[in-house]
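Open the model in your viewer and keep the sequence panel beside it. The stops below say what to select and what is there.

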Amino acid sequence: MNESASSTPTCGGQRAPASPLAPTPEQRDGPAPLAHFAQMIDHCLDYATAAKAQGHPVVGIMCEYTPREVLLAAGAVPVCLCGGSAATIPAAEQSLPTNLCPLIKSTFGYHVQRSNPFLELADLVVAETTCDGKKKMFELMGLNRPMWILELPHKADTPAALDAWTAEVKKFAAHVEARFGVTLTVEKLRAAIQRMNRERDLRRRLAGLLARDPPPLTGRELLQFSSLISGMEADLVQYERAWRWYSARRGPPAAARAKPVRLLLTGVPTVHGAERVVEIIEASGAVVVCTENCTGLKPLLEDVDPQAADPLAAIARKYEHLPCSIRTVNRRRLETLRTLATAFQPQGVIELVWQGCLTYEVEAVTVQRFVETELKLPYLKLTTDYSPAEAERLRLRVEALVETVRRRWPAGGGGR
Amino acid sequence: MIACGIDAGSRTMKVVLLDADTRQPVRALAADQQPRQAELASALYQRALGEAGLSRFEVAKTVATGYGRDLIVEADTAITEITCHARGVRSLLPAARTLVDIGGQDSKVIHLDAGGVRDFVLNDRCAAGTGRFLELVAQRLGLPLQDLGRAAGRASQPARITSMCAVFAETEIVSLLAQGAAVEDVAAGVLQAVADRVATLGSRGFAPPVVLTGGTALIAGMDQALARALGQELVLAPDPQLTAARGAALLACDWIRGTMLAADS
């Protein structure tokens, strides 16, 4: 750079007047509150280790259908065990087929290698009859781990499904009581419900900030605000702080130069370690303003009534409503997409499907039709796995979607 | 003033120079890819300018596309081959509604509407349905690639290749040849298999007019094979291997004229 240019920052040597604006969150409240969650794994491990030393059971969970309230009420520590690492997949493929979804293989690889400290701490692993790949993988895992399987009805929104699921949640609660020698009183359940409602509310409010145009944080940053363990007080305090911090922030994040295209992400979860796809999307001229999946808003949208006379039935109802692609017919997912599209005003929808996830892959046909005809938005399906070699393939598609949204030449066909 | 498009494709590098005012072609060159593709692009760019009697200072904007688009040092911006193909076809055949590109390492179907790309489907996971597969087959049959289509044209009983996987299809070809199938019949069967594979990309149909583009369209008989697979006539893009480079150059023209949304600038 030319020296004289860099030494004359202001025109005619005049000083810029002091800003009449309120102090920025950085000035008032210190640096962005991402630091706490950058150490998330360490915090969770310390927490789980200390809790276990004090006699609290650690319970591994495999899916958003596991009612965390039941575990919290029992004084247990619910920790998410979904694998997001490509590194554990080769170990899993010694027994699992290669064309199974990477999330299942990665999770199982940790099990085989005994390399997930939370799984090794776990006194119990809770899993569900969701997709076939998981169901059969849990059988293998259950050969040498204590497992409890919740039977999830696959037909959605029928009275019979809700009855069956409620009975299943109550059976689980009874098992937890017997196994850990606790009594799940109505008071304990209500306290757990309130704690989870508070966590959901805080995370919902934080996610809701991305409805702003421009959003004060990116989708990748939002993804950082999550924890393997639910209901930790230290996390709740930090969610609250993050909401205040970003809420006071105006304008786009510093890194964003051109105005990014607003996208809604739906489909499979981007669990810890597998956030790469969101990074690729946001490096291609887009911002993920809303995420309809299990690591996004899906499990946060509905709370549990803390005053319900039968807390377990109220808990069961909330979880039965989760719109996973293993349900048939999964109409709630489309309703959720409509609600979120209205709230977040995306300019396009990306569906992420992990390679080998049959239910999301097939349901994508329905979602595409819905997005294009009902929401009238462009739709792109990305099918990929945890391999970093996939980045270029994904980038090409997302960039093309971004170009399609922006219309590189004027409507009406452009000049010849 | 000159607008330039550079298409760094998986098998070939293409450079197109247009007069930015008239949008008429000034010079177009193509060369086989090489490992150091940035150097190849520079050399081809210089050669195109030299042959047109121009200097690089007369080039107002350069747009790069293709899988190597971010490596091209001459480029002012990079735009995906999906948008560039669409732009290139729109200029030559404004009525086109569907664009099929069978490239070196992928194939794509692009749906167009009045404003440009409506949506697109890509196959870059499976070699069946790509030019690379045809290269492998030509090699296996002992034919230069350009003769594959001519051989297929002489087929009396086109063979049926049933495997959807390029690796297994090659095994199938070996076994067909071992059973005494004619090279011509196998060649015809392979062209049809590639076309059938591409046809599966059109889950949303192929609204006419359908335009075939990409280097593979240069293989004689590829267009008829695809027409059979789609059950409809299609239009062969002129100079099909240059479509994306031409589209990139046209987008550079649009940029110069201020009609492109230069979101990256």
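**Stop 1: strands of chain A**

Select A:Val59 and A:Leu124: A:Val59 stands opposite A:Leu124 in strand S3(A). Bear in mind throughout that this is a predicted model.

Now widen the selection to strand S1 (residues 58–61) of chain A, which runs parallel to S3(A) and is joined to S3(A) by three bridges. S3 itself covers residues 124–128 of chain A and is mostly covered, with four of its five residues buried.

Four bridges link S3(A) with S4(A), and the two run parallel. To find one of these pairings, pick A:Val125, whose bridge partner in S4(A) is A:Met147. Then trace the chain from S3(A) to S4(A): the path goes through helix H9 (residues 132–141) of chain A, and this β-α-β crossover is right-handed.

**Stop 2: strand S7 of chain A**

Select residues 348–354 of chain A, which form strand S7; seven of its seven residues are buried. Which residues point which way from S7(A)? A:Gly348, A:Ile350, A:Leu352 and A:Trp354 point one way, while A:Val349, A:Glu351 and A:Val353 point the other way. In a regular strand, side chains alternate between the two faces of the sheet.

A:Leu263 has A:Gly348 as its bridge partner in S7(A). Between S7(A) and S8(A) the chain passes through helix H17 (residues 358–373) of chain A, in a right-handed β-α-β crossover.

**Stop 3: A:Arg333**

Go to helix H16 (residues 331–344) of chain A and pick A:Arg333. Is A:Arg333 buried or exposed? A:Arg333 is buried, because 23 other C-beta atoms lie within 10 Å and the cut-off for buried is 20 or more. Select A:Glu292 as well: its C-alpha atom is 8.5 Å from that of A:Arg333, although the two are 41 residues apart along the chain.

**Stop 4: two helices of chain B**

Move to chain B and select helix H4 (residues 145–153) and helix H6 (residues 183–199), whose axes come within 7 Å and cross at roughly 110°. H4(B) is therefore roughly perpendicular to H6(B). On the H4(B) side, the contact is made by B:Leu148, B:Gly149, B:Ala151 and B:Ala152. H6(B) contributes B:Val183, B:Glu184, B:Ala187, B:Ala188 and B:Leu191. Colored by class, this contact shows seven nonpolar, one polar and one charged residues.

Conventions:
Residues numbered from 1 in each chain as written. Chains lettered and ligands numbered in written order. Predicted model: local features only at pLDDT ≥ 70, side-chain atom pairs only at ≥ 80, totals over all residues. Axes fitted to C-alpha atoms, helices over the stretch in contact; angles between N-to-C directions. Parallel < 35°, antiparallel > 145°, perpendicular 65-115°, else oblique. Contact = placed C-beta atoms within 7 Å. Nonpolar A, V, L, I, M, F, W, Y, C, P; charged D, E, K, R; others polar. Buried ≥ 20, exposed ≤ 12 C-beta atoms within 10 Å, placed from the backbone. Pairing = 2+ DSSP bridges. Right-handed = clockwise from strand over helix to strand, strands pointing away.
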